[in-house]
Structure formats: C-alpha cells, structure tokens
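Please read them with the structure open.

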Amino acid sequence: MNETDRELLIWAAKAAGIECGIIHGEIRIRCDAGWTPWNPLTDDGDALRLAVRLNIPVFPYDDETSTGTVGVVAKNWGSKEENTRRAIVRAAAEIGRNMK
C-alpha cells in the first residue's frame, strides 16, 4: 500500500468515526474482537459499509464512477468495481479532511 492510499484510508476512517491504526503495515480498525484489517480500496464489503455509514450515493458508469453530491470521480484504476471502491474512499476522505 502506498502512502497516498494509506492517507486516503485514514481520512476516510476519520469521516466515518472509525478508530483506526497502522499495524504491521496495514490499516486496521478497532472492533469488539480487537483490531481487524480494513481496506475499502480492495474489499467490496468495507467500501459498501463506508458508503452507507456516510450516506454517499454512488453512481457507477461503464468507464468511471461518480459519487453524487461529493463530486468525486474515479476512473482508470482497473475494473468497474475497483473504480467504484476508490470513488467511495476518495469521497469519504474528502469528508474527513474537511472535518474540524
């Protein structure tokens, strides 16, 4: 995971009110059982839960993905699914960056 992706995930977690940390080089979140890996950039379930938690509307298209009112578009990252996950994380990170 590169530094930019790590930063996006940390900002996204902040936006969602999720306690996170970097353990053994990966982002993990605190849950009832301790710390569990969390990466909505690669995990469809993590991405969907993040979008739902933040009420991010997602509009996938054939060649790109848009996130509604936040105005984030992700394209050319790979598959339609990868573009969708990245758009969700970028939108959540933008929300997190703007929180005080």
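**Notes on the predicted model**

1. Strands S1 and S2 form a hairpin with two residues between them, and in the turn His-24 has a positive phi of about 55°. Helices (H or I, at least four residues) and strands (E, at least two) are taken as DSSP runs and numbered from the N terminus. This is a predicted model, in which local features need pLDDT of at least 70 and side-chain atom pairs count only at pLDDT 80 or more, while totals for chains, interfaces and linings use all residues. Residues are numbered from 1 along each chain as its sequence is written, and side-chain values use heavy atoms, with hydrogens and water left out.

2. The sheet is open and has three strands in the order S1-S2-S3, with antiparallel pairing. S1 and S3 stand at the edges with a single partner strand each, so one side of each is left without a neighbour in the sheet. From one strand to the next the twist averages 45°; axes are lines fitted to C-alpha atoms, for helices over the stretch in contact, and angles run from 0 to 180 degrees between N-to-C directions. Two strands count as paired if DSSP finds at least two bridges between them.

3. S1 and S2 are joined by four bridges. Ile-23 stands opposite Glu-26 in S2. S2 and strand S3 (residues 34-37) also run antiparallel, and four bridges join them. A hairpin connects S2 to S3 through two residues. The bridge partner of Cys-31 in S3 is Gly-34, and that of Ile-29 is Thr-36.

4. Gly-21 is found in strand S1 (residues 20-23). Its relative accessibility is 19%, which counts as buried; the classes are buried under 20% relative accessible area, exposed over 50%, and partly exposed in between (1.4 Å probe, protein chains only). With neighbours within four places in sequence left aside, Gly-21 is in contact (heavy atoms within 4.5 Å) with Glu-26, Ile-27, Arg-28 and Trp-35. Gly-21 and Trp-38 are 17 residues apart in sequence, and their C-alpha atoms are 9.9 Å apart in space.

5. The largest nonpolar core has 22 residues, and those with the most contacts inside it are Trp-38, Leu-50, Leu-54 and Val-89. Helix H1 (3-16), strand S2 (26-31), H2 and H3 are the elements that give two or more residues to this core. H1 gives the most, with six residues. A nonpolar core is here a set of buried Ala, Val, Leu, Ile, Met, Phe, Trp, Tyr and Cys residues joined through side-chain atoms within 4.5 Å. Leaving aside neighbours within four places in sequence, Leu-54 is in contact with Ala-15, Ala-16, Ala-92 and Ile-95.

6. How many salt bridges does a search of the whole structure find? It finds six, a salt bridge being a side-chain nitrogen of Lys or Arg within 4 Å of a carboxyl oxygen of Asp or Glu. One of them joins Arg-85 to Asp-44, with the closest N and O atoms 2.6 Å apart. Arg-85 lies in helix H3 (residues 80-97) and Asp-44 in helix H2 (residues 44-53), so the pair ties together parts that are 41 residues apart in sequence. Arg-85 is buried at 11% relative accessibility, whereas Asp-44 is partly exposed at 47%.

7. Another salt bridge joins the side chains of Glu-94 and Arg-97, at 3.2 Å from N to O. Both residues lie in helix H3, three residues apart, which is about one turn of the helix. Glu-94 is partly exposed, with a relative accessible area of 35%, and Arg-97 is partly exposed at 38%.

8. The side chains of Arg-28 and Glu-26 meet in a salt bridge as well, at 2.5 Å from N to O. Glu-26 counts as partly exposed, at 27% relative accessibility. Glu-26 is also the residue in S2 that stands opposite Ile-23.

9. A search for disulfides (pairs of cysteine sulfur atoms within 2.5 Å) across the whole structure finds zero. Cys-20 is partly exposed at 24% relative accessibility. Cys-31 is also partly exposed, with a relative accessible area of 34%.
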